[in-house]
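Hi,

Here is the structure I said I would pass on. Have a look at it first, and my notes on what turned up follow below.

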Amino acid sequence: MGKIFDPHLIIEYLPYILKGLSTSLILFVSVISLSFVFGTLGALIKLKKIPVLYQFTILIGSYAMNIPTIVQLFIIYYVLPVVIYSVTGINASRWNALLFAIVAFTLEKSVSMTEGIRAALLSVDKGQYEAAFSVGLSRRQAFKRIIFPQAFRIMLPVFEMSSCTLFKETTMAYMLGISDVMSRARFMGLRIDHKLEAYIGAALIFLVINLSLVIVFKLLEKKFSFGIRA
């Protein structure tokens, strides 16, 4: 009878599990970038209360906040190809599952980004606009050069939390058949029947990545807090 737990297998599993890291990182970087863009647009739509678009953001927000992430993942994976085929006649069911995972996670994370960015923009004193106008800046220039940089510093903690949470949530992508860190850890654990060692290996990878993210965001907070008293 073999060992119930063999720590040496963690080291043995790691090279194979690490091969799935590139997929996890592609998913993470794609989603966090897109959700920041859509989150910014959503925040501006909510602040300006643009007709139709404002109601649409409310609807999407209700969907993302009240339905579990894993359910959203399957809804996008199975429903979106049907919608695409009905509208365009294109068979999207054979597309890479990673694309549907990106859409599902982006939809969810954009909602939290929207609220975080909106709150950050509201926290900037309106007097900053008046000061910008007094030196001849347009509203767009004032937003780009003065308002948004200040709001960005305020939204960094929200961005950090969303990023760390997202990287952990990417583990659900394996349920769509995507060969990521979790998928490879599960495969190795089942193949030799030493699941714990495989999952510990995966946990170490996620721990290192998330700690790295925390360090990066702390450096960003320090950089954008220049001249501000703690």
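One cut-off before the rest: I call a residue buried under 20% relative accessible area, exposed over 50%, and partly exposed in between. Keep in mind too that this is a predicted model.

Lys49 has a relative accessible area of 56%, so it is exposed.

Next, the way α3 meets α5. Which residues make that contact? From α3 they are Ile60, Gly61, Tyr63, Ala64 and Met65, and on the α5 side Leu107, Glu108 and Val111. Sorted by class, that contact has six nonpolar residues, one polar and one charged. The two helices pack at an angle of about 110°, and their axes are 9 Å apart. An angle of 65 to 115 degrees counts as roughly perpendicular, so that is how α3 and α5 stand to each other.

Helix α4 covers residues 69-88, and at 1.5 Å a residue its 20 residues should span 28 Å; the end C-alpha atoms are 27 Å apart, which agrees. There is still a bend in α4, of about 30° at Val79, and a proline, Pro81, follows within four residues. Pro81 is also one of the buried residues of α4, along with Thr69, Gln72, Leu73, Ile76 and Ile84. What do these buried residues pack against? Their partners are α3 (53-66), α5 (97-123) and α7 (139-169). Just after α4 comes Gly89, with a positive phi of about 80°.

Last, a spot in α7, the helix that holds Lys168. Lys168 and Leu207 are 39 residues apart in sequence, yet their C-alpha atoms are 9.4 Å apart in space. Setting aside neighbours within four places in sequence, Lys168 is in contact with Phe206 and Asn210.

That's my list for now.

Cheers

Terms used
Residues are numbered from 1 along each chain as its sequence is written. This is a predicted model: local features need pLDDT of at least 70, side-chain atom pairs count only at pLDDT 80 or more; totals for chains, interfaces and linings use all residues. Side-chain values use heavy atoms; hydrogens and water are left out. The expected span of a helix is 1.5 Å times one less than its number of residues. The bend at a residue is the angle between axes fitted to the seven residues ending there and the seven starting there. Buried means under 20% relative accessible area, exposed over 50%, partly exposed in between (1.4 Å probe, protein chains only). Contact means heavy atoms within 4.5 Å. Axes are lines fitted to C-alpha atoms, for helices over the stretch in contact, and angles run from 0 to 180 degrees between N-to-C directions. Angles under 35 degrees count as roughly parallel, over 145 as roughly antiparallel, 65 to 115 as roughly perpendicular and the rest as oblique. Ala, Val, Leu, Ile, Met, Phe, Trp, Tyr, Cys and Pro count as nonpolar, Asp, Glu, Lys and Arg as charged, and the others, Gly among them, as polar.
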